[in-house]
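Work through these exercises with the structure open. Try each task before reading its solution.

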Amino acid sequence: MSSETDRGVQIEYGVDEKPPLPKSLLLGLQHIAVMIVPATAVAYIVAGDVGLNPADTAYIVQMVMLFSGIATMIQAYTIGPVGARLPIVMGSSFTFVGASISIGLDYGLAAVFGAILVTGFVVEGLIGWQFKRIKPFFPPLVTGLVVVIIGLYLIPVAMEYAAGGSDAADFGALYHLGLAGLVLGVAVVLNMLTRGVTRLLSVLISIVVGYVAAIALTFGTGLEIVDFSPVGDAALIAFPEPTRFGLEFEPIAIATFAVLFLVSAMETVGDMSGVTAAEGRNPTTKEFRGGLFNDGFLSSIGSIFAAFPITSFSQNVGIVNFTGVMSRHVVGIGGGILALLGLSPIIGAAVTTIPSSVFGGAVLLMAGMVAASGVRLIITNASLDRRNMVIVAVSLGLGLGIATTPEALSGLPSDAELFFGQPVIVTALSALLLNTFVPGPQSPLFDRSEPEQNETASISSDD
């Protein structure tokens, strides 16, 4: 049922509402269509750089899809304290790519998966367990800035997809830009000018239109835009193999991934805030705790089967805000679809035949929506006075500066360059430190206003 929240978007289906099954299936497929390529790209990139053979690469991609699907379903429905009961799609994060490659080359993938096994449980599990105590350090001003930088950071990635993919020989070709523009245009027109199912499924329909156009160009012009060869090489069914690459516990690898899981926790806090911003609110402590538990525990369990860390996927935050469909049941169905893809490599291979440029048009729109949801989270929950404007300016200035000019840090030691070269890290830490130590209503140390204290008490009483 459609409703308008006080400070959010128009909600077509609330968190606990169940759209009709056919519509739910299509809405769930829409979520998966947007995230499957960037989610599996992490596995492709790491596997390629550490020199895995095609069979091992395909297996890791399969495990990423399988555990992303399982984590998504648990996020929607929960198992005990694990899961937030929110429409959060889970996937493998680019946050871990650089460290996975460098540690994989120096120590082997066994050290990578051993570090994930330890730090997923310990770091995000501890943060989730104690989140009630540290929650005052993450007010809407801080989480909103994390959401904004995630969206802005994704925009260049989306543009690379729109141009055909960064490693494409025909990068920037007119037909790639045309396909991306077609997908973007169809999604915007359907969402803005139509009602009912076409508006709710605007992203999925636009991807289908772009894919059909890409197939037509492939057969009509002879250009290799759509490549069906991966389908013929894929197996019908494949099952997980525990410790296929082994598990080793190197101290430097564990320390590196511990820091990266802290960043992942910040991203998840930001993504969850971006989703609930559609309702004009921040997540409750219980929702934060369950979501962080899901991140950490499923990442650790997945590492046993050679899956890279699983965390919330920002593009899908944009879908929730773009369509107004907040139903966790839709996302749960999407997670089931993703898990099935992880058990059937041939289906996953068929999905990955969709060109990067087609996904680029959709991801560009979703990245912009993520950033916009972060802006809304800030302006509806924090006054933009001089103090807060300075925090916004410094945090986004540093984050975007690192994103656009990473070579500026080349004089730092390699470990420091890796750490501070992450725009999300720099923005999150800047916002966190400034908001904490500069007196103001949202600071956990100074001048907390009575209404905010009452609100915090009210939220805590719900746990």
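Predicted model: local features only at pLDDT ≥ 70, side-chain atom pairs only at ≥ 80, totals over all residues.

Residues are numbered from 1 along each chain as its sequence is written, and side-chain values use heavy atoms, with hydrogens and water left out.

**Exercise 1.** Find the partner of Asp16 in a salt bridge, and say which parts the pair ties together.

Solution. 
- Step 1: Recall the term. A salt bridge is a side-chain nitrogen of Lys or Arg within 4 Å of a carboxyl oxygen of Asp or Glu.
- Step 2: Find the partner. Asp16 pairs with Arg328, and their closest N and O atoms are 2.8 Å apart.
- Step 3: Asp16 lies in the loop between strand E2 (10-11) and helix H1 (21-50), and Arg328 lies in helix H14 (residues 328-343), so the pair ties together parts 312 residues apart in sequence. Helices (H or I, at least four residues) and strands (E, at least two) are DSSP runs, numbered from the N terminus.
- Step 4: Check the cover. Buried means under 20% relative accessible area, exposed over 50%, partly exposed in between (1.4 Å probe, protein chains only). Asp16 is exposed because its relative accessibility is 54%. Arg328 has 6%, so Arg328 is buried.

**Exercise 2.** How many salt bridges does a search of the whole structure find? Describe the one between Arg281 and Glu287.

Solution. 
- Step 1: Count. The search finds five.
- Step 2: Give the distance. The side chains of Arg281 and Glu287 meet at 3.1 Å, N to O.
- Step 3: Classify each partner. Arg281 is partly exposed at 25%. Glu287 is buried at 14%.
- Step 4: Salt bridges with shared partners join Asp56, Glu241 and Arg244 into one network. Within it, Arg244 and Glu241 have their closest N and O atoms 3.2 Å apart.

**Exercise 3.** Is Gln62 buried or exposed? Which residues is Gln62 in contact with?

Solution. 
- Step 1: Locate Gln62. This residue lies in helix H2 (residues 54-77).
- Step 2: Read the area. At 4% relative accessible area, Gln62 is buried.
- Step 3: List the contacts (heavy atoms within 4.5 Å). Leaving aside neighbours within four places in sequence, Gln62 touches Ala238, Phe239, Gly342, Leu343 and Pro345.
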